[in-house]
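Welcome, and thank you for joining this tour. Please open the model in your viewer and keep the selection tool at hand.

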Amino acid sequence: MAFDGITVANIVKELNDNLTGGRIYKIAQPESDELLITIKNNSSQYRLLISADASLPLIYLTDKNKQSPMTAPGFCMLLRKHLQNARILNITQPGLERIIRIRMEHLNEMGDICQKTLVIEIMGKHSNIIFCNEDNMIIDSIKHISGMVSSVREVLPGREYFIPQTQDKSDPLELLGVPEGDFFTKLSSMPMPAYKALYNAYTGLSPIIAQEICFRAGIDGDMPANVLDESALRQIYVNLISVLEKIKSGSFEPNIIYDKNTPIEFASIPLTIYADKNNTCFHSISEVLEHYYEEKNTITRIRQKSADLRKIVQTALERNVKKYDLQLKQIRDTEKRDKYRIYGELLNTYGYNVEPGAKSMEALNYYTNENITIPLDETLTPSENAKKYFDKYGKLKRTFEALSELTIEVKEEIEHLESISTALDIALQEEDLVQIKEELIESGYIRRKGGGKKAKVTSKPFHYISSDGFHMYVGKNNYQNDELTFKFATGNDWWFHAKKKPGSHVIVKSEGKELPDTTFEEAARLAAYYSKGRAQEKVEIDYLKKKDVKKPNGAKPGFVVYYTNYSMVIDSDISNIEQVL
């Protein structure tokens, strides 16, 4: 989701409501392109995080503090010099631009009141934090942009600050209170999908908001704007105006759209285009931004942390799959072993009729009652030919028996590695990776370091509560699966697992009571979600009493057997199941 002009308008309203009239208490620069400003206002303390990171520019209020460097960077020292104890006069947004201006007043060295402006530009790789004086001249910026870098605008001390006009876009707020004709003319001249025409014609509209407006208008956003009739254009106009009026009046509804448990979009207005997804509303846009990017960053960060483990598992998996495929081919090659045995038997039975030097023999196969032709080595006697076929049969039989055992071992190893791969997908925190790494060490895929000591395990299974109040536990890896099933669960607790798929063991504590249907379904959804089949529309789940789940001697971690069970087919949507954190 783009950090668009509507989101910025929502942030500006929130900052004005909380910070206007407040005083700057602390200024820190935790990262080279990030500020954390503490403001005191109305007997409360607020932290404003501002990031000009090229990949993830942000601005929102947060309760969390961040570690700062021992020596403050130059830009931070400059802001402290000018803005320490400064009072915030107002916070504004020009039009629907992705720009925020924080205007402040302070006393200079002579004791005179001066005004300064901190300009935050949330513009992707062009994002910046710029400090200007009351004459709109740049005092300094967190990023210096010279003429060598940009031909549009220099951002350097002593230069005049202005908003670069790099695209021919109009301010959509100017549509309020004016005739609709200009809108019709503008859009109908654009030979591109209607939703693209919207965000290319007006500032502050992201692609998803443009699609939302078309959706509300009942128009296919992919239809070219220049072929839409006046009625269709009017519907888009009416719905755009409705959104703009909400922005103008400050009526925002911050929300995050989840696909199952994964955040996929956020917005400051309801996104009816995602009616089939879970929509979670928040009190403030700061909460939305903090939650959304924290969850996204968690997934990204754990992916980076687990990259080495994933590579080890994937390499071992590919190697074992190749080995398994080769073994299956070799087993197929042994399928003709019984033919050689029959050749040998028939030669022993009818070989006395074979003339010396014959290259074949016709005989009745008494197993099928059909005549067959047996190839012969003319240099050998019938009994020698029979022995040769029995030798071939014996060799292929021994090969088949050996491969049959080996393929079972390799198949089990593949299933084991796939279960570890699924555990890596489930992991959300670094401590979740500790047990997975330990399992890889004990399986011989990683060499133990540090004097052979096991790493301390702090990861715990997921804990949920069903709608009916039953406690449900989900193993994050094979060790936790074994622990839950064979040490934590009691005989009459219920056990759930995705059928013939790597995944978590789910235990429902029955407390001696009969489980309602809703709890069975919710536990099955957990088993579906925490399995390799989570992306499928439906997953088949096996469930049974824990007392009927057995672990064979010498079985790998997480591996169990059972001989009687119930099954259900269910989706993997766990968004409405309460998690205990």
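Start by selecting Ile 59 and Leu 118, the two residues that touch the most other members of the largest nonpolar core, which has 47 residues. A nonpolar core here is a set of buried Ala, Val, Leu, Ile, Met, Phe, Trp, Tyr and Cys residues joined through side-chain atoms within 4.5 Å. Buried stands for under 20% relative accessible area, exposed for over 50%, and partly exposed for what lies in between (1.4 Å probe, protein chains only).

A word on what you are viewing: this is a predicted model, in which local features need pLDDT of at least 70 and side-chain atom pairs count only at pLDDT 80 or more, while totals for chains, interfaces and linings use all residues. Residues are numbered from 1 along each chain as its sequence is written, and side-chain values use heavy atoms, leaving out hydrogens and water.

Which residues does Ile 59 touch? Leaving aside residues up to four places away in sequence, its contacts (heavy atoms within 4.5 Å) include Phe 3, Leu 48, Ile 100 and Leu 289. Apart from this core lies another, of 41 residues; select Ile 208, Ala 217, Leu 233 and Tyr 274, which are among them.

Next come the charged side chains. Side chains of opposite charge can pair when their charged atoms come close. Counting a salt bridge as a side-chain nitrogen of Lys or Arg within 4 Å of a carboxyl oxygen of Asp or Glu, the model has 25 of them.

Select Arg 153 and Glu 121, whose closest N and O atoms are 2.8 Å apart in a salt bridge. Arg 153 sits in the loop between strand E9 (138-141) and helix H3 (181-188), and Glu 121 in strand E7 (residues 113-121), so the pair ties together parts 32 residues apart in sequence. Helices (H or I, at least four residues) and strands (E, at least two) are DSSP runs, numbered from the N terminus. Are these two partners buried or exposed? Both Arg 153 and Glu 121 are buried.

Now move to helix H10 (residues 382-426), where Lys 387 and Asp 391 are four residues apart, about one helical turn. Their side chains meet in a salt bridge (3.1 Å, N to O). Lys 387 counts as exposed at 51% relative accessibility, and Asp 391 as partly exposed at 42%.

For the last stop, select Asp 542 and Lys 499, a salt bridge with its closest N and O atoms 3.4 Å apart. Asp 542 is in strand E19 (residues 539-545) and Lys 499 in the loop between strand E17 (494-498) and strand E18 (506-508), 43 residues apart. Asp 542 counts as buried at 2% relative accessibility.
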